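Hi,

Here is the structure I promised to pass on.

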Amino acid sequence: MDEEILVLDQKPKARFLLAGWRRQWSDGGGISSGLPQYLIDQFGAQKIGQMGKSIESLCYPFQVAGTHDSYRPACAFDEGLPSVAMHWDNDFYDAGSGLIIFMGEEPWFEMDLYGQAFFQAVRELGVEQTVTVEGYNGPAPPEIERRVGCVYSRADMKEDLEKYGIQFSSYGSGGRQGPTVGMALVNMAHFSHPDLRVFRLGAMAPMYPFTTQGNRQVGIVTDYRAFFDIMRRIKAMFDLDIDLTDLETRGNVESQRLQETLDRISNSNAEAKDIIEKVRRDYSYEPFRNPVDIGQGLGQALDDILRNIPDSPEEPE
């Protein structure tokens, strides 16, 4: 059964795994589908395996009525002859430096089986920490740092995660709410794989309740600023050697473009202006500050210096 749910052609030395999904519910700002693919391209990551045939046959429908080909399996033909077999993409990539990237498609059925394949890969590759990345839409000032939420699988992870400017989610505690695929894997790890460290980072991509003349909702479809704000946390957590300048630049350009659109709407619509200003007033987030580990030796040296500073002379009467 193991070979039917997971096929790894290579098993490089791994420490960390970053996972995202195409065609999934929690893909606001294109974060879950776009960020892993961006990293695959940036690192020139090489495919090392995929989930097996049992996952493809048991976890997906052939089609969903009314969606045309959105949820059908991929395939290809060459001059009328089949050239690529029908398949769903749930692939693992080696990005080097101990980082594995998973780019998958959200399962429709048999989440337990899908999770079994996912965690089997985590174990076989020797992954120490797994992060799932997702996004959701909401009104947010475009030029301000994105709000990044977190759920995690082990209680002893919280102290370290608190260092990275995140907000811990109480999703579902006030009533029934179904989990995202990333949240589901964190939940499964907590109850069924308590030795594994799995957490989910979800950022809010700006989206406002207005439409343009072309009937498009006002927001950012692919939110590179959210990519940047998630990745600078992950870079610090995993000590990754990656230049984030490109993400920061793209994010700033998109954010400025959205701000200009909001300014035009504000100038022509007083009600919309009130909404935009209220969003800015009410917006809250935990800012990211890159943690600095000064080390025990340096910390002791600083303590010694402070203890040996002479007392300040008394002021004359």
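(Buried means under 20% relative accessible area, exposed means over 50%, and partly exposed is in between, using a 1.4 Å probe and protein chains only.) You'll find Glu-79 in the loop between β4 (74-78) and β5 (81-87). Its phi is near 55°, which is a positive value in a residue other than glycine.

Before you go further, a word on where the numbers come from. This is a predicted model, so local features need pLDDT of at least 70 and side-chain atom pairs count only at pLDDT 80 or more, while totals for chains, interfaces and linings use all residues. Residues are numbered from 1 along each chain as its sequence is written, and side-chain values use heavy atoms, with hydrogens and water left out.

**The whole chain**

The chain has 317 residues, and buried ones make up 46% of them. Its secondary structure comes to 10 helices and 12 strands. (These are DSSP runs numbered from the N terminus: helices are H or I with at least four residues, strands are E with at least two.) Along the principal axes, the C-alpha atoms fill a box of roughly 100 × 55 × 40 Å. Contact here means heavy atoms within 4.5 Å. Of the contacts with a separation of 6 or more, 77% are between residues 24 or more positions apart.

Look for Glu-110 in the loop between β7 and α4 (111-125). Glu-110 counts as partly exposed because its relative accessibility is 44%.

His-68 sits in the loop between α3 (53-58) and β4. His-68 is exposed, with a relative accessible area of 65%. The C-alpha atoms of His-68 and Ala-14 are separated by 39 Å, and the two are 54 residues apart along the chain.

**The nonpolar cores**

In soluble globular proteins, nonpolar side chains tend to be buried together. A nonpolar core is a set of buried Ala, Val, Leu, Ile, Met, Phe, Trp, Tyr and Cys residues joined through side-chain atoms within 4.5 Å. The largest one here has 38 residues, and the members that touch the most others are Phe-199, Leu-201, Ile-230, Met-231 and Ile-234. Elements that each supply at least two residues to this core include α2 (31-43), β7 (99-105), β11 (197-211) and α7 (224-238). The largest share, 9 residues, comes from α7. Apart from this core lies another, of 34 residues, among them Leu-6, Ile-48, Ile-55 and Ala-189.

Zoom in on Ile-234 next. Not counting residues up to four places away in sequence, Ile-234 touches Leu-18, Val-131, Val-133, Leu-201, Asp-239 and Leu-240.

**How α2 meets α7**

The axes of α2 and α7 are 10 Å apart and pack at an angle of about 65°. That makes α2 roughly perpendicular to α7. (Axes are lines fitted to C-alpha atoms, for helices over the stretch in contact, and angles run from 0 to 180 degrees between N-to-C directions. Under 35 degrees counts as roughly parallel, over 145 as roughly antiparallel, 65 to 115 as roughly perpendicular, and the rest as oblique.)

Which residues meet here? Ile-31, Gly-34, Leu-35, Tyr-38 and Leu-39 of α2 meet Tyr-224, Ala-226, Phe-227, Ile-230 and Met-231 of α7. The residues of this contact divide into 9 nonpolar, 1 polar and no charged. (Ala, Val, Leu, Ile, Met, Phe, Trp, Tyr, Cys and Pro count as nonpolar, Asp, Glu, Lys and Arg as charged, and the others, Gly among them, as polar.)

Leu-39, in helix α2, is buried, with a relative accessible area of 0%. Leaving aside neighbours within four places in sequence, Leu-39 is in contact with Leu-18, Ile-101, Met-231 and Ile-242.

**How α8 meets α9**

Helices α8 (residues 245-268) and α9 (residues 270-282) have axes that come within 6 Å and cross at roughly 135°. They are therefore oblique to each other. Residues from both helices make the contact, including Leu-262 and Ile-265 of α8 and Ile-276 and Arg-280 of α9. The residues of this contact divide into 5 nonpolar, 3 polar and 2 charged.

Enjoy exploring!
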